[in-house]
Amino acid sequence: MLRRLILLLAFCVTPAMAEEEQVVLGLSQDRVAITANFDGSEILIFGAVKRETPIPSGPPLQVIVAVAGPSSPVTVRRKERRLGIWVNTDSVLVDLAPSFYAVATSAPLTEILSDTEDLRYRISIERAIRSVGAAMNIRGAQNFAEAVVRIREDEGLYSIRENTVAVDEQTLFRTSIDMPADLTEGAYFARIYLTRGREVVSQFETTIDVRKVGLERFLYNMSRQQPVWYGLMSLVIAIAAGWGASTAFRLLREN
C-alpha cells in the first residue's frame, strides 16, 4: 500500500535570518512505518521562499531537493577471473555511503550548481559518497566508489531527477521523490537548496524517521537481541509448516 509523506507549507524558517531568501517548509508527518505490506513511499514536497525585499534581479531562482538515508561504510571487492574461477582480489573500504540518495532539481544540475558549491555542500551523488582513499597498491581505486553508485542506481536506491522541481514565480516550489520498499531504518535527511547563478543562497534541512513497526519490529529486535531464541523459533515454525503441508497433501490424496 502506497504511503505518502507530505511536506506542507508551514511557518518554520532556516536559522540564518540574515539571508535575503529563506526556505519556508514543514512536515505533515515525520515518520515512515515499515509494515508487512509496505511497498514504498512517495514523498511530496512543497515549499516557499520568504523574502524581506523584492525578487533579486539577475539569474532566476533554482531549487534542489536531496533526500539521504543513513550513511555507513561499505566494503567493495573486485572480482577477477583466474584459472577459470572468479575470485575476490582487491578490496576498498568506502568510508561513508548513504543507503538511499535521491536528488530532484528544477533544471539540469550542472547549470544551477557550480563544482565549487557541489564540493562544499556534497549535493551530487558522487560527492555524497565519502571515500578518503585506498592503499597505493590498489589499481583504479576510484572505480570502487563508482561501483557503489552504479550498483545502487541499478537497485533504485540512488537517482537524480533533473527538471522535476516545479518553481512558480520564483517563490513556490514542489516535487515528489519515490522511495523503495527496502528502506533502511534510521533518520532520513531532506535538504532543500536555493541557488542563483550556480551558487547556494539558502538551505533548509529536516529529518524523517523510518522505523519497522508491529511484528516486523518484534522479529527484527529478537534476531539481534536474542539470536538463539530467534533461531529456535524459526526452526519450530519451519517444522510446523512442513508438517502442516505434508498433512494437507495426504488428506487431498485420500479424498
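User: Over which residues does pLDDT stay under 50?
Analyst: Residues 5-18. pLDDT is the predictor's confidence in each residue, from 0 to 100. The model still has 48 contacts beyond four places in sequence for that stretch, a contact being heavy atoms within 4.5 Å. Where pLDDT is low, the predicted coordinates should not be read in detail.

User: What ground rules apply here?
Analyst: This is a predicted model, where local features need pLDDT of at least 70 and side-chain atom pairs count only at pLDDT 80 or more, while totals for chains, interfaces and linings use all residues. Residues are numbered from 1 along each chain as its sequence is written, and side-chain values use heavy atoms, with hydrogens and water left out.

User: Where is confidence highest?
Analyst: In helix α1 (residues 109-112), at a mean of 96. Strand β1 (residues 3-7) is lowest, at 50. Helices (H or I, at least four residues) and strands (E, at least two) are DSSP runs, numbered from the N terminus.

User: How many of each are there?
Analyst: The protein has 6 helices and 13 strands.

User: Switching to α4: which of its residues are buried?
Analyst: F144, A145, A147, V148, V149 and R152. Buried means under 20% relative accessible area, exposed over 50%, partly exposed in between (1.4 Å probe, protein chains only).

User: What covers them?
Analyst: The cover includes β6 (71-82), β7 (85-98), α3 (125-128) and β9 (158-161).

User: And what follows α4?
Analyst: G156, with a positive phi near 80°.
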